[in-house]
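Keep the structure open while reading.

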There are 2 protein chains.
Amino acid sequence: MARERILVVDDEEDVLELVRFNLDKNGYKIDTAVTGEQVLNKARAKLPDLIILDLMLPGIDGLEVCKTLKSDSKTANIPIIMLTAKGEDADIVSGLELGADDYVTKPFSPKILIARVRRILQRNIARELDKASVKIREIVINPSRREVLLNNKPVDLTFTEFNTLYTLAKRPGQVFTRYQIVGAIRGEDYVVTDRAIDVQIVSLRKKLGSYGKYIETVRGVGYRFKD
Amino acid sequence: MARERILVVDDEEDVLELVRFNLDKNGYKIDTAVTGEQVLNKARAKLPDLIILDLMLPGIDGLEVCKTLKSDSKTANIPIIMLTAKGEDADIVSGLELGADDYVTKPFSPKILIARVRRILQRNIARELDKASVKIREIVINPSRREVLLNNKPVDLTFTEFNTLYTLAKRPGQVFTRYQIVGAIRGEDYVVTDRAIDVQIVSLRKKLGSYGKYIETVRGVGYRFKD
DNA sequence: AGCAACTTACGCAAAAATGACGCAGAGTTG
DNA sequence: CAACTCTGCGTCATTTTTGCGTAAGTTGCT
């Protein structure tokens with residue numbers, strides 16, 4: 001499954017390591033930043049799924065960072081969990097008002113943090129999963145049931161096959177590069193050879209039988225679902 | 001809809017007023033208490049839909065109150081949101097373990113509090129509505145009696161097994177991620193490894209005997225009850 | 001148009017990775 | 001203490017990825 005990418009921001013090495021260790025153990029992909037400038041750059045460049053932001057930062061202040069992120073449309077809907085040290089009451093309130101989604105006060109137990117992270121991301125995932133099913137020609141793709149029907153006959157697809165088909169069929173006619181397909185399924189910076197996608201396409205076509213021809217090869221570019 | 005009644009417990013007049021004002025503005029009916037004894041009495045007498053409970057109380061301690069409420073079957077299923085001073089993680093953890101449903105650390109923004117209140121009540125309403133018993137194939141699940149019948153023969157399931165089965169069987173065909181299952185049973189904040197869910201599934205299948213096969217594994221995603 | 005020279009896709013099969021589950025012990029709760 | 005729940009590790013089955021050889025498609029040149 002696409003591991004969610006979390007940007008962790010803190011200037012204390014210990015905290016950073018603690019957080020990294022625990023999130024990593026729970027299957028999240030971690031990137032870190034130490035200064036406010038770094039956060040802004042990395043957030044814009046990598047568009048993580050969540051930012052854990054210490055409010056006490058050298059350089060640009062954490063609240064400032066939060067505000068900037070929330071006012072840039074590109075990064076505005078990345079949820080933010082603030083880390084605050086004891087005795088910064090006012091910061092929490094203003095942070096929440098600036099659009100932060102939640103907060104955890106230091107010192108924190110890893111469990112609490114994980115729980116918060118999961119809750120926030122769940123919200124986003126739930127939105128994804130609830131996506132309406134796709135009906136196109138004689139094919140019905142139902143993501144919440146993970147089921148594909150060809151003329152009402154179910155077909156058994158693997159995880160990647162299913163996601164590939166769903167990705168393509170959601171936007172018929174639109175051409176996807178191999179990397180867009182992989183990115184949609186495994187997350188942006190998942191590294192594979194082109195071959196890996198080809199093979200999935202081929203086996204997908206085979207399983208779709210006579211409907212396999214709806215998946216078209218666009219030579220030199222990628223694949224698309226026939227419009 | 002009937003306005004939900006919320007019992008707010010705090011010994012600081014300011015906090016009480018702030019909370020009352022905001023909840024009132026959002027259409028909830030407020031009752032207040034200042035001491036632990038008062039809470040217990042009012043909770044039992046009025047059975048509010050939710051209790052917002054400060055942990056720092058004169059007289060009986062907040063955690064103690066929480067525990068008492070949760071161990072009395074009359075009040076056990078009233079959800080509790082704890083109010084904690086910041087940096088008292090130990091309290092939060094033990095509070096959640098004692099059965100509190102959520103927590104908010106002071107100082108809090110009214111927005112956050114309202115959001116939490118809404119979320120908790122929503123969940124409870126959903127839970128109430130879902131109480132209908134499920135009959136699917138040869139299996140009957142009766143949540144109010146906590147009883148499962150296979151071809152009219154009762155099976156003995158543990159708490160988690162029962163809830164897992166019920167969660168899946170309520171929506172046959174729908175795939176649940178492991179965390180959706182845990183979330184439905186233990187609440188969003190509950191943290192476990194994937195393995196914990198797997199084990200429940202396995203033992204559930206075993207107890208269901210030949211009907212165990214209705215619980216299907218969806219590789220890479222989660223589980224579902226066969227449609 | 002016809003023909004090289006080159007690029008890109010695909011078939012096949014083996015290697016690598018991943019996910020589910022059995023087992024057993026550790027941790028909790030009552 | 002007993003029942004229940006959770007975790008870690010090893011194993012096995014399935015899925016995913018890769019590499020190589022061949023087929024198919026493109027381009028440019030005569």
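What distance separates the centres of domain 1 of chain A and domain 2 of chain A, taken over C-alpha atoms? The separation is 34 Å. Domain 1 of chain A covers 5-126 and domain 2 covers 131-225, with bounds that come from an automatic or database domain assignment.

This is a predicted model, in which local features need pLDDT of at least 70, side-chain atom pairs count only at pLDDT 80 or more, and totals for chains, interfaces and linings use all residues. Residues are numbered from 1 along each chain as its sequence is written, while chains are lettered from A and ligands numbered from 1 in the order in which they are written.

Along the principal axes, the C-alpha atoms of chain A fill a box of roughly 65 × 35 × 30 Å. Chain A contains eight helices and 12 strands; these are DSSP runs numbered from the N terminus, helices being H or I of at least four residues and strands E of at least two. Of its 227 residues, 30% count as buried, meaning that 20 or more other C-beta atoms, placed from the backbone, lie within 10 Å of a residue's own; 12 or fewer make it exposed, and values in between partly exposed. Among contacts in chain A between residues at least 6 apart in sequence, 56% join residues at least 24 apart, a contact being two C-beta atoms, placed from the backbone, within 7 Å.

A:Asp189 sits in the loop between helix 7 (178-186) and helix 8 of chain A. Why is A:Asp189 classed as exposed? It has 11 other C-beta atoms within 10 Å.

Next comes a sheet in chain A. Three strands form an open sheet in the order 10-12-11, with antiparallel pairing. Strands 10 and 11 of chain A are at the edges, each with a single partner strand, so one side of each has no neighbour in the sheet. From one strand to the next the twist averages 30°. Helix 7 of chain A packs on this sheet, touching strands 10 and 12, and its direction makes about 80° with that of strand 10; axes are lines fitted to C-alpha atoms, for helices over the stretch in contact, and angles run from 0 to 180 degrees between N-to-C directions.

Strand 10 (residues 175-177) and strand 12 (residues 222-225) of chain A are joined by three bridges, where pairing requires at least two DSSP bridges. In this pair A:Val175 is the bridge partner of A:Arg224, and A:Thr177 stands opposite A:Gly222. Strand 11 (residues 215-218) of chain A is joined to strand 12 by four bridges, with A:Ile215 opposite A:Phe225. Strands 11 and 12 of chain A form a hairpin with three residues between them, and A:Gly220 in the turn has a positive phi of about 85°.

A:Gly220 also belongs to the residues that come nearest to DNA strand C, together with A:Val202, A:Thr217, B:Val202 and B:Thr217. Helix 8 (194-208) of chain A and helix 8 (194-208) of chain B each give two or more residues to that surface. Its residues divide into seven nonpolar, four polar and five charged.

DNA strand D is surrounded by 22 residues, the closest being A:Thr158, A:Thr160, A:Thr193, B:Thr158 and B:Thr160. Near means a C-beta atom, placed from the backbone, within 6 Å. Helix 6 (159-170) and helix 8 contribute two or more residues here, in chain A and in chain B.

Methods
Ala, Val, Leu, Ile, Met, Phe, Trp, Tyr, Cys and Pro count as nonpolar, Asp, Glu, Lys and Arg as charged, and the others, Gly among them, as polar.
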